[in-house]
Amino acid sequence: MHTSSSHRQTGIDELLAERFGSAFSVPPDIPGADELARMAGHRSHRRYAARAVDRELLRLLFGCAFSAPSKSDLQQADVIHVEERPRLKAIADLIPDMPWINDAPVFLVFCGNNRRLRLIGEWRGKPFANDHLDHFMNAAVDAGLVMMNFIRAATAVGLGTCPISAVRNRPGEVSRLLELPDWVFPVAGLCVGYPAESGRISARLPLAVTVHTDRYSESDVRQRIDAYDRRRHALQPYRRQRYADRYADVGFYGWSEEKARHYSLPERQDFGEFIRKQGFNLA
C-alpha cells in the first residue's frame, strides 16, 4: 500500500472536504499527517465485533487518556470501567433507546471529581475557598479532555467508540449504580470495541459559522445554516421527523429543524438539582 506523505495529505483533504463541504489546503509533507487523518476521519461506532479488548491494551489507553491537559494540574477526572454485567445492564436499561451500551465489549463512564481536592485540603489543614460554579466546570472540562484523549488513543489502535451523554438523563440512578460519592458526577459514558462496520463521517457546520476572528460574529449565519441543512440532507437524510405527534410534517426536514424540535421539550431538568445534591454550590 502506498503510504507516502503526499498520499496521506490527499486523504486529509478528502476527509475534511467530506465533513465540511469545502476544500482544505494541506501543506505537503506536513508533520503528523497520520494523526491529522485520524482526527479528520473520526466517526462514532455503535456496532462491535465479538472480540474482547485486551486488559493491558485498555490500561495503556487509560494512560494515554490521563496524559491530557488538566486545569492547574488539579487532575479532576476519573473513569469507571463498568465490567459487571448486571451493573452494566442496569445502566443500559435506564437508556433503552441505546442498546449498543449493553452490546459494547467495554463501557466506561467518565466522571468529574472535585472530591479529591476537598479531601486533600482536609488532610493538609487548609480551607476549600473556591466552592462555586467554576470548580464544577473545571472538573467537567477535565473529564471531557480525558475522554477525548481516550477516543484518540482508541482510534489509533483500531478501536471504535461512541460517547453517551445520556448517562446524564438519569444522573441519580447512574450515580447510585456506580456508587459515586459527594462531589463526583458522571459527565459521559463511552462504548468501546472493535468496529463491526466502517461507520460514516458526520457532516459538520461550516467553519465560517463556528470559527470567529477577533470578535464573535453572526454574519450570514442563517443562510449558512440553511445551506448546511441542504448539504447534510443530501448526505445523511433523517429517517423520521422528531416529535411527529406534536409538530406537523414538513416537506424538507433538515438539521436545524431537527435540533429546534430536539430542544423544544425539556431535557435533564433535574441535573442541576442532582449536582447540588452531590455537594456542589453552583453560585
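This is a predicted model: local features need pLDDT of at least 70, side-chain atom pairs count only at pLDDT 80 or more; totals for chains, interfaces and linings use all residues.
**Entry 1: charges and overall build**

I count Lys and Arg as positive and Asp and Glu as negative, leaving out His and the chain ends. I place each charge at NZ of Lys, CZ of Arg, CG of Asp or CD of Glu. Residues are numbered from 1 along each chain as its sequence is written, and side-chain values use heavy atoms, without hydrogens and water.

I looked up the charges of the protein: 39 are positive and 35 negative, and their mean positions lie 1 Å apart. The C-alpha trace spans about 55 × 50 × 45 Å along its principal axes.

Of the 283 residues, 35% are buried (under 20% relative accessible area, with a 1.4 Å probe and protein chains only). The protein exposes about 16,700 Å², and carbon and sulfur atoms supply 52% of that (Shrake-Rupley method, 1.4 Å probe).

**Entry 2: strand E3**

I turned to strand E3, residues 160-164, where 4 of the 5 residues are buried. E3 pairs with strand E4, residues 184-193, in the antiparallel sense over 5 bridges (pairing needs at least two DSSP bridges). In this pair, Pro 163 stands opposite Leu 190 of E4.

**Entry 3: helix H8**

Which residues of helix H8 are buried? I noted Pro 171, Gly 172, Val 174, Ser 175 and Leu 178 in this helix of residues 171-178. They are on the same side of H8 because they cover an arc of only 165° around the axis, taken from the directions from the helix axis to the C-beta atoms. The general rule is that an α-helix has 3.6 residues a turn, so residues three or four places apart point the same way.

I then checked the cover over these buried residues, which includes strands E1 (77-81), E2 (106-113) and E4, and helices H4 (85-94) and H12 (271-277). After H8 comes Glu 179, with a positive phi near 55°.

**Entry 4: Gln 278**

Gln 278 lies in the segment after H12. Is Gln 278 buried or exposed? I count Gln 278 as buried, because its relative accessibility is 7%. Leaving out residues up to four places away in sequence, Gln 278 touches Ser 175, Leu 180, Pro 181, Asp 182, Trp 183 and Val 184 (contact means heavy atoms within 4.5 Å).

Technical notes:
Buried means under 20% relative accessible area, exposed over 50%, partly exposed in between (1.4 Å probe, protein chains only). Helices (H or I, at least four residues) and strands (E, at least two) are DSSP runs, numbered from the N terminus.
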